[in-house]
Amino acid sequence: MYLTALPAFTDNYLWMIHDAAQAVVVDPGDAQVVKAALEKHSLQLALILLTHHHADHTGGVDELRAATGCQVIGPAYEKMPEPLQRVSGGEHVQALGHSFQVMDVPGHTAGHIAYYCEDFEGKPLLFCGDTLFSGGCGRLFEGTPAQMLASLDSLAALPGNTRVCCTHEYTLSNLRFARAVEPDNAVLAQYEQQCIALRANHQYTLPSSIALELEINPFLRSRLSTVKQGLIQSNALSNASQADDVACFAALREWKNIFK
Ligand code: ZN
Ligand code: FE
């Protein structure tokens, strides 16, 4: 089994898993990119997995379904390119002999889901759409800060060696913000240098891992005193003594929204 990231648009990755004959693609916003990859590796598309309704994740579905007859699985509670099999948290889907658990992760969109495989070639694997990015998280277009915090908590609880397949190469800009939040985080500073070098060589910074994100991602660290300190010093959090976990997380997300 192979795991491959197909770059699309300016900064999307369409993740593909495949064996020698069949492929599964996650969030194919662009059909052409997938078709080229299938042709290159002589693969048949068996299944599309979708995390949420945004066009950069679903735009290629109709064309790929028509061209290949593949099965399509997606979130139960979002407007989706029909027909598809709808799933929600706790259900399992089978992909090329591997079982993926569906997780409800609302926040970026109201019905956003993620797919988690406990053992993909010896290590866990997560397709998290636009919920978790390396060093960041998705914007709150439809959900509340409380929902997003709970969603990120559920992802943070996965095993540390879980490979995290995020769908955007936002890492460098996320890390610039993370450094503003936690200027004294040495692991973060080192990771940023590593990612700068990767991008300079046109290499991907993904997949990440849960263990790494726990050390560098401010949105998984919003309860820590170092992050709270950053919020207070930037005036992102006005009434710090009264701010609960959700208020801190919300302030962090709002600061990121306006961070330049
Ligand atoms: Zn999105
Ligand atoms: Fe997206």
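1. The protein chain of this predicted model is divided into domain 1 (2-165) and domain 2 (173-258). These bounds come from an automatic or database domain assignment. Taken over C-alpha atoms, the centres of domain 1 and domain 2 are 24 Å apart. The contact between them, meaning heavy atoms within 4.5 Å, takes 29 residues from domain 1 and 27 residues from domain 2.

2. Between them, domain 1 and domain 2 bury about 2,300 Å², with 67% of it on carbon and sulfur atoms. Buried area is the accessible area (1.4 Å probe) that two parts lose on being put together, summed over both. On the domain 1 side, Ser-134, Gly-135 and Leu-149 lose the most area to domain 2, together 26% of what that side buries.

3. The largest nonpolar core has 54 residues. Such a core is a set of buried Ala, Val, Leu, Ile, Met, Phe, Trp, Tyr and Cys residues joined through side-chain atoms within 4.5 Å. Buried means under 20% relative accessible area, exposed over 50%, and partly exposed in between (1.4 Å probe, protein chains only). Ile-17, Phe-100, Tyr-115, Leu-126 and Phe-127 have the most contacts inside this core. Its largest share, 6 residues, comes from strand E9 (residues 113-120). Helices (H or I, at least four residues) and strands (E, at least two) are DSSP runs, numbered from the N terminus. Because domain 1 and domain 2 both give residues to this core, it lies between them. A second, separate core has 20 residues, including Ala-37, Leu-38, Val-61 and Leu-84.

4. His-52 (NE2), His-54 (ND1), His-108 (NE2) and Asp-130 (OD) coordinate the zinc ion (ligand 1) at 2.2 to 2.3 Å. Donors are N, O and S atoms within 2.8 Å of the metal (3.2 Å for Na, K and Ca); water is not among the atoms, so sites may look incomplete. In sequence the donor residues are spaced H-x1-H-x53-H-x21-D. Asp-130 also bridges the zinc ion and the iron ion (ligand 2), which lie 3.3 Å apart.

5. Residues are numbered from 1 along each chain as its sequence is written, while chains are lettered from A and ligands numbered from 1 in the order in which they are written. Local features need pLDDT of at least 70, side-chain atom pairs count only at pLDDT 80 or more, and totals for chains, interfaces and linings use all residues, while side-chain values use heavy atoms, with hydrogens and water left out.
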